Amino acid sequence: MHRTTTTGGRRTRRLLTAAASVAAGAGVALAATAPLATAAAAPRVIDGSGYAYNDWGDEGTLSIDSHSTNSDATALWQTVLYADGAKWRDSGGGLHTFRKSDITGHFEERTESATLWWQKHEDLEDVDGVVGKETFGDADNSLSGPEPDGTVLFMGFRHTVAFKRLQGTYYVKVHGQWRKAAYKSFD
C-alpha cells in the first residue's frame, strides 16, 4: 500500500508522460549506438518492453547478500536512490543524502540504509533494505519512455536521470560509460 501523496504524484506523471509518448508517435525505433552495443553474451539483465512504467516489477533481488559487489544492476538501483534524494544513516546515526558519488555498483551498508529510507518513504509493505519485486515495481512507476533513441527517464523527487533501453535491455552509466545493467560483475 502506498501513501496517496507519493503514489498519486508518480501515477499522474506516468499517465501524462504515457499520453505524451503516444501523441509523439507509436513507432519506437531502438537503434543501438556503438558504445552501447559492445556487451557480449546475454547475462541476466534488467529488462523491459512496451512502455517503461511497468518494466521492473519482475526483476531479481539486490541486497547485501545478493549481487552485492561489482553489479551494474546495483548501479542502476543506486541511480534511483540518487534521483529520489534517498537518505542513509552513518554508524553514528547521522543522516546523509545519497549522492551521485555513491553510485558504485557495490550494495553495501550505505545502499542498504538508503534503500530502507526509500522503502519507508514510499510506504512499502516490505521495509527490509532488499530490492525485490515490490521495490523495483514501485520504482518503475516513475519511468517514462522509451524515446526513439532508447532513452528511459526516471523522474525522481530530486533529479531526473536517464537510462537506455535497447532491444529490451537496460543500460546505466557507470564511471561515465554506458553499461548493460547486468546482475553479474562489471569490469
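Which residues of α2 are buried? The answer is Asp72, Ala73, Thr74, Ala75, Leu76, Trp77, Gln78, Thr79, Val80, Leu81, Tyr82 and Ala83, where buried means under 20% relative accessible area, exposed over 50% and partly exposed in between (1.4 Å probe, protein chains only).

## Basis of the description

The model is predicted: local features need pLDDT of at least 70, side-chain atom pairs count only at pLDDT 80 or more, and totals for chains, interfaces and linings use all residues. Residues are numbered from 1 along each chain as its sequence is written, and side-chain values use heavy atoms, with hydrogens and water left out.

## Overall architecture

The protein contains four helices and seven strands; helices (H or I, at least four residues) and strands (E, at least two) are DSSP runs, numbered from the N terminus. Their order along the sequence is α-α-β-β-α-α-β-β-β-β-β.

Of the 187 residues, 45% count as buried. The protein exposes about 9100 Å², of which carbon and sulfur atoms supply 53%; accessible areas come from the Shrake-Rupley method with a 1.4 Å probe, and for residues only the protein chains shown count as cover. Contact means heavy atoms within 4.5 Å. Among contacts between residues at least 6 apart in sequence, 64% join residues at least 24 apart.

## Helix α2

Helix α2 spans residues 72–83 and has 12 residues. From its first C-alpha to its last it reaches 16 Å, close to the 16 Å expected at 1.5 Å a residue; the expected span is 1.5 Å times one less than the number of residues. At the start of α2, a side-chain oxygen of Ser71 comes to within 3.3 Å of the backbone nitrogen of Ala73. This is judged as a polar contact, a pair of N or O atoms within 3.5 Å; within protein, one must be able to donate a hydrogen and the other to accept it, and residues adjacent in sequence count only if both atoms are side-chain atoms. Gly85, with a positive phi near 70°, follows the helix.

Within α2, Trp77 is one of the buried residues. Leaving aside neighbours within four places in sequence, Trp77 is in contact with Leu62, Phe107, Thr111, Thr115, Trp118, Val131, Thr135, Phe136 and Ala139.

## Nonpolar core

A nonpolar core is a set of buried Ala, Val, Leu, Ile, Met, Phe, Trp, Tyr and Cys residues joined through side-chain atoms within 4.5 Å. The largest such core has 33 residues, of which Ile46, Trp56, Leu76, Trp77, Phe136, Phe163 and Tyr170 touch the most other members. Two or more residues of this core come from each of α2, α3, α4, β4, β5 and β6. The contribution of α2 is the most, at eight residues.

## Aromatic pairs

Rings of Phe, Tyr and Trp (its six-membered ring) pair if their centres lie within 6.5 Å; planes under 30 degrees apart count as stacked, over 60 as edge-to-face and the rest as tilted. By this rule there are seven aromatic pairs. Trp56 and Phe163 form an edge-to-face pair, at 5.8 Å centre to centre and 70° between the planes. Trp56 lies in the loop between α1 (4–24) and α2 and Phe163 in strand β5, so this pair ties together parts that are 107 residues apart in sequence. Trp56 is buried, with a relative accessible area of 0%, and Phe163 is likewise buried at 0%.

Trp56 also forms an edge-to-face pair with Tyr170, at 5.6 Å centre to centre and 70° between the planes. Because Tyr170 lies in strand β6 and Trp56 in the loop between α1 and α2, the pair ties together parts that are 114 residues apart in sequence. Both Trp56 and Tyr170 are buried. Ring pairs link Trp56, Trp77, Trp118, Phe136, Phe163 and Tyr170 into a cluster.

## Backbone features in loops

Most residues other than glycine have a negative phi, and most peptide bonds are trans. The bond from Gly145 to Pro146 is cis, with omega near 5°, and Pro146 lies in the loop between β3 (143–144) and β4.

Asp123 is not a glycine, yet has a positive phi of about 60°. Asp123 is placed in the loop between α3 and α4 and counts as partly exposed at 32% relative accessibility. His175, also not a glycine, has a positive phi of about 55°. His175 lies in the loop between β6 and β7 and counts as exposed at 63% relative accessibility.
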